[in-house]
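Subject: Handover of a two-chain model

Dear colleague,

Please find the structure below, followed by an account of what was found in it. I would be grateful if you read the two side by side.

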Amino acid sequence: MNTGELIWTEDPPFPENAKRAVDNSQLRRNVRNATATIRQRRAGLVAETPDWQELRKAGAAIKDDVLHHLDAYLEEFERNAANRRATVHWARDAAEASQTITDLIKKTGETEVIKVKSMVTQEIGLVDALQNAGINAHETDLAELIVQLAHDRPSHIVVPALHRNRAEIRRIFLDHMADAPRDLTDDPHALAEAARLHLRRLFLRTKVAISGANFAIAETGGLLVAESEGNGRMCLTLPETLISVVGIEKLIPTFSDLEVFLQLLPRSATGERMNPYNSVWTGVTPGDGPQAVHIVLLDNGRTRALADATGRQALRCIRCAACLNVCPVYERTGGHAYGATYPGPIGAILTPLLVGVEHAPQLPFASSLCGACYEVCPVEIDIPTVLVKLRHDAVNAHRHRAEDAAFATAASAMSGRRRWSAALKAARLMRFVRHGAPPPLHRWTRTRDLPDPPGEPFREWWRKR
Amino acid sequence: MMHGMRVALFATCLIDALYPDAGKATVHLLERLDQPVEFPLEQTCCGQMHANSGYFQPSLVRRYIDTFTDYDAIVTPSASCAGAIRHQHAMIARAAQDDALAAAAQQTAGKTYELSQFLIDVLHTDDVGAYFPHRVTYHPTCHSLRMLQLGDRPLRLLKKVRGIDLVDLPNDQECCGFGGTFSIKNPDVSAAMLADKMESVIETGAEVLCAGDRSCLMHIGGGLERIRAGVKTLHLAEILASTDGETAH
């Protein structure tokens, strides 16, 4: 399978990428500061929400209902969107989605489009696909703009440029944004103003916009985008043509289900009681906003994930990234180390579920299984359990002879009283390698001593009592 | 307290092999509380290391069940192993399409208790009569906190220890970076997490770092020893078993 942009490294070698990230002091500090800030804000808001656990359960239940009846909800959505003069397209994979969108833009005769921040367009590699077709797509979310100008990749689902600090952002603007003032400082207001003026020119002249959606409402055929800057709303209201790419798991049954998700999402994502901008549109409104509205419903591995009885809960995900902000691994590596569009704990399960674990066998191991992700997940995705299940699948998909042998030896030593006693005696040899063990234990002794083995194991003491 | 209850100790493979003092302390402590325990010699390992590395071993699940099925309760000085027994054994059996084993696993798991759970929920005591005149900080391991949801049980027990100078560990809820084979498969991230944990421990000025899992303590203690930090690691059982005459320190 061509994994496209979902995985952009060859079988993401997480341990190697992570080593580079861990050694990058600037990155470490940027990610630590950013995640700590959002984490604290979220914790404060959750503490003041007395029915938080009930909201989580409701969110999970609504999403599970959607996943159990996905076919019916998708058809209901398509019917209602079409009734409101939106055109619904279906895409099996990234290539189909990109082709559909390219064709739609070509029909307008335009070569410039503006984009709302969207993970799914990253997932399908849309900007590059459009570039190859001679269409320039401009990111309008401030952080996405920073990432695009720097020819970089997002490192976080909600805060794509959190690996950058303001000194680095100033440099990026000066080097890559032609209309940035030459006397630009790293004052956040100055940086925002430079981006604002740059983007304003784009908003006023561009006739086609592309978005994703946070929620697709089956009952009405409407879509919702939640954002902080208002740049998304500019894209959703000013152009003549609006094309939205929506993963098929984004459905919710009814408009009133938003009551649950619009409490869960902002608290979990940015640590706010409400998203500053919630934009909902339903097809075409004559004389107001885009007069050509297209919706591309995307599978791209979602039905594959749905077939996994343990893993399908990952499709509940509302992309809040709360799991990234509490993850002690993510905090030390940032997002690029995962080598995939979706980083962090959710990425470590979602990526292998979407593309098949044989294409991402290292990702389920990129976790200490500390469980902090599950604790904060607003839709109760049991990420540690899914990680362990995927590790099982990864081991079966990719036999690793030395490791298979090591675990088989251990299991055999543990298979009976006499064998186990013999193994315990052998453990005493550890005292010779406590400070420097041969591979693979050298990975332990590089930074830690091994324990000083006792004179006799516990069972010897017990037998003699 | 249920008198006449037949209780088994599941020492865990790690304590059996490398940390017998934590096992002995568990036995001494329970005997002091008039709760004798047996140590069935057929026991080996709960299979967590295998499972978390992707190698599901239904044979170890079966061994655990066969060894302990006749007991009224099983007590183990490890939150992580208790968590694996409660949350993984049935899953491993189901993955092997063995529904009978899954049902048996659920039953045995239901009577398996981590030490602080056993003391507080089964023996109904939080004052075990210990004496330990040292400065101690407590690290709630991830599986204590989030898998078993032990809450403040270990701290309630520690607070009742005579002579103890118990100090809060900054960022106590953050993982130490052990994660079983994670520490070998992702050694650099693991070491980075360990560095922050050690910094927090050292900041407390404690002589002793205490936890309910010898595995995490092996990792943190191995790091503290490497830099000669002068902080000792002790299992919760070792502090609770200490008395005026016999202290673990």
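**Domains of chain B**

In chain B, the domain assignment (automatic or taken from a database) gives domain 1 as 7–122 and domain 2 as 135–241. Please note that this is a predicted model, in which local features need pLDDT of at least 70 and side-chain atom pairs count only at pLDDT 80 or more, while totals for chains, interfaces and linings use all residues. Residues are numbered from 1 along each chain as its sequence is written, and chains are lettered from A and ligands numbered from 1 in the order in which they are written.

The C-alpha centres of the two domains of chain B lie 22 Å apart. Where do domain 1 and domain 2 of chain B touch, and how many residues are in contact? On the domain 1 side there are 25 residues, and they are in contact with 22 residues of domain 2 of chain B; contact here requires that the C-beta atoms of two residues, placed from the backbone, lie within 7 Å. Five helices of chain B each supply at least two residues of that domain 1 side: H1 (13–17), H2 (20–32), H3 (48–52), H5 (79–87) and H8 (115–122). Helices (H or I, at least four residues) and strands (E, at least two) are DSSP runs, numbered from the N terminus. H2(B) gives the largest share, 6 residues. By class, this side of domain 1 of chain B has 13 nonpolar, 10 polar and 2 charged residues. In this scheme Ala, Val, Leu, Ile, Met, Phe, Trp, Tyr, Cys and Pro count as nonpolar, Asp, Glu, Lys and Arg as charged, and the others, Gly among them, as polar.

**Fold of chain B**

Chain B contains 14 helices and 7 strands. Its radius of gyration is 18 Å, close to the 18 Å that the globule rule gives for 249 residues, so chain B is as compact as a globular protein of that length. The radius is taken over C-alpha atoms, and the rule is 2.2 Å times the number of residues to the power 0.38. Along the principal axes, the C-alpha atoms of chain B fill a box of roughly 50 × 45 × 30 Å.

An open sheet of 3 strands in chain B has the order S1-S2-S3, with parallel pairing; strands pair if DSSP finds at least two bridges between them. S1 (7–9) and S3 (112–114) of chain B are the edge strands, each pairing on one side only. S2 (residues 73–76) of chain B is joined to S3(B) by 3 bridges, and B:Ile74 stands opposite B:Thr112 in S3(B). H5(B) packs on this sheet, touching S2 and S3 of chain B, and its direction makes about 150 degrees with that of S3(B). H8(B) also touches S2 and S3 of chain B, with an angle of about 105 degrees to S3(B). Axes are lines fitted to C-alpha atoms, for helices over the stretch in contact, and angles run from 0 to 180 degrees between N-to-C directions.

Elsewhere in chain B, strands S6 (residues 208–211) and S7 (residues 232–235) pair in the parallel sense over 4 bridges. B:Cys210 has B:Leu234 of S7(B) as its bridge partner.

**Chain A**

The assignment for chain A gives domain 1 (14–302) and domain 2 (405–464), and 51 Å separate their C-alpha centres. An open sheet of 6 strands in chain A runs in the order S1-S10-S7-S4-S2-S3, and the pairing is parallel. Its edge strands are S1 (86–91) and S3 (136–139) of chain A. From one strand to the next, the twist averages 25 degrees. S2 (residues 112–115) of chain A runs parallel to S3(A), with 4 bridges joining them; A:Val113 stands opposite A:Ala137.

**Where the chains meet**

In the interface, 51 residues of chain B are in contact with 46 residues of chain A. H12(B) supplies the largest share of the chain B side, 7 residues. That side has 27 nonpolar, 15 polar and 9 charged residues.

The axes of H1 (residues 14–22) of chain A and H12(B) come within 8 Å and cross at roughly 40 degrees. A:Ala18, A:Lys19 and A:Val22 make this contact with B:Asp188, B:Val189 and B:Ala192.

Yours sincerely
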